[in-house]
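Welcome, and please have your viewer ready.

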There are 2 protein chains.
Amino acid sequence: MLIDPSLSNQKRQPGLVVWLTGLSGSGKTTIAIEVEKRLFVRQIPVYRLDGDVLRQGLNADLGFSPAGRKENIRRAAEVARLFENAGLILLASFISPQRSMREFARSLVPEGAFIEVYVQASLETCIQRDPKGNYQRALAGKIPNYTGIDQEYEEPVNPELVLNTEKLPISACAARLVDEIDNRMTVLKQRKNEEG
Amino acid sequence: MLIDPSLSNQKRQPGLVVWLTGLSGSGKTTIAIEVEKRLFVRQIPVYRLDGDVLRQGLNADLGFSPAGRKENIRRAAEVARLFENAGLILLASFISPQRSMREFARSLVPEGAFIEVYVQASLETCIQRDPKGNYQRALAGKIPNYTGIDQEYEEPVNPELVLNTEKLPISACAARLVDEIDNRMTVLKQRKNEEG
């Protein structure tokens, strides 16, 4: 499912989309930053995206209505696809509460080039952490459609990995995810070599 | 102007946006493909974007009205910024007829990390080449707002490079652009080392 099967794209290293989903405050970006560092020191091409970054630029025109949130994830998935196509490991941290949107993101990249990571923490814990103060604002009615408060979070049914940040420290979560990425990259590279 | 000045981003290789502008049929993508190959064999991280690729995915929701075309370029510029931030050389081929949009794209990346390339060919030549048959359709009134036909192309005032594809073969255009990229990357790396 390469967008642009030019000669050079076909010879590229395989890319990978690592999609971290979970409630706000569950630890998605914290884990992604730690994983990024660990891959980076090994000189593996890696980049990281999250909602805050995209809403500063590409998605600055979008609001927080259900339609705006859906379009936010659609564009994130399309950008992730481009990075995968470019041969990078793309760490995407998005609440992405709807299964359908996560399945859409998966559908954009070649079979196997997508890892869904459920970053799990109870709503109570996330409200307690509330790193951006958003739960407080949502509970006060100041942010509508907030996931966990007045929008449902649809738990992943069959994610490649579940990381429970109430039970495991961040460093252990990151280590598990790096292992998962390494294993997957081995498979993808093997397939690429067999094809090439 | 890093979006996300994380530790790993600051240590990355500098990225570069190479923005190829010019009429449809001027040779932007043909040059970009050749440059991509030449950089790729040297193992330089490079990726290529153009309007056709983006309109298959990220920009599939956009039409060809003036507003749709402007939003197409805005998103292209924002995606280019992400690739620059990721430390890649991003070759962006977009007619991008308005100076203001090209200046917007330039404004998103750090000083020096943007090369504007004017791929020049006369309208008569482009109409004669008409690789996609679009000029024929536009002249028949079937594509509105087509650049060169019923929308003005604003020539670059001070581009880093002009490549005239009526006077120079593609291989020579590509060679000149690779030289320009190499020179610019030398400066950017030097600056990064001095900062770091």
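Keep in mind that the model is predicted.

**Stop one: a loop arginine.** Select Arg12(A), which sits in the loop between helix H1 (7–11) and strand E1 (16–21) of chain A. Is Arg12(A) buried or exposed? Its relative accessible area is 5%, so Arg12(A) is buried. Now show what surrounds this arginine: beyond its sequence neighbours, Arg12(A) is in contact with residues including Asn85(A), Gly87(A) and Lys192(A), as well as Glu36(B), Phe40(B), Val46(B) and Tyr47(B). Lys192(A) lies 180 residues from Arg12(A) in sequence, yet their C-alpha atoms are 9.2 Å apart.

**Stop two: the sheet of chain B.** Colour the five strands in the order E2-E3-E1-E4-E5; they make an open sheet with parallel pairing. Strand E2 (46–50) and strand E5 (161–164) are the edges, each with a single partner strand, so one side of each has no neighbour in the sheet. From one strand to the next, the twist averages 20°.

**Stop three: the core.** Show Trp19(A), Phe83(A), Trp19(B) and Phe83(B), the residues with the most contacts inside the largest nonpolar core, which has 50 residues. Apart from this core lies another, of 24 residues, among them Leu20(B), Ala32(B), Val117(B) and Cys173(B).

**Stop four: salt bridges.** Across all chains there are 28 of them. Begin with Arg106(A), which is partly exposed at 23% relative accessibility. Arg106(A) forms a salt bridge with Glu103(A), with the closest N and O atoms 3.8 Å apart, and another with Glu116(A), at 3.3 Å. Glu116(A) is in strand E4 and Arg106(A) in helix H5 of chain A, so this pair ties together parts 10 residues apart in sequence. Glu116(A) counts as buried, at 5% relative accessibility.

Finish with Glu71(B) and Arg74(B), whose closest N and O atoms are 2.8 Å apart in their salt bridge. Both belong to a salt-bridge network that also links residues of chain A, including Asp61(A) and Arg75(A).

Terms used: Residues are numbered from 1 along each chain as its sequence is written. Chains are lettered from A and ligands numbered from 1 in the order in which they are written. This is a predicted model: local features need pLDDT of at least 70, side-chain atom pairs count only at pLDDT 80 or more; totals for chains, interfaces and linings use all residues. Side-chain values use heavy atoms; hydrogens and water are left out. A nonpolar core is a set of buried Ala, Val, Leu, Ile, Met, Phe, Trp, Tyr and Cys residues joined through side-chain atoms within 4.5 Å. Buried means under 20% relative accessible area, exposed over 50%, partly exposed in between (1.4 Å probe, protein chains only). Helices (H or I, at least four residues) and strands (E, at least two) are DSSP runs, numbered from the N terminus. Contact means heavy atoms within 4.5 Å. Two strands pair if DSSP finds at least two bridges between them. Axes are lines fitted to C-alpha atoms, for helices over the stretch in contact, and angles run from 0 to 180 degrees between N-to-C directions. A salt bridge is a side-chain nitrogen of Lys or Arg within 4 Å of a carboxyl oxygen of Asp or Glu. Lists of a residue's contacts leave out its neighbours within four places in sequence.
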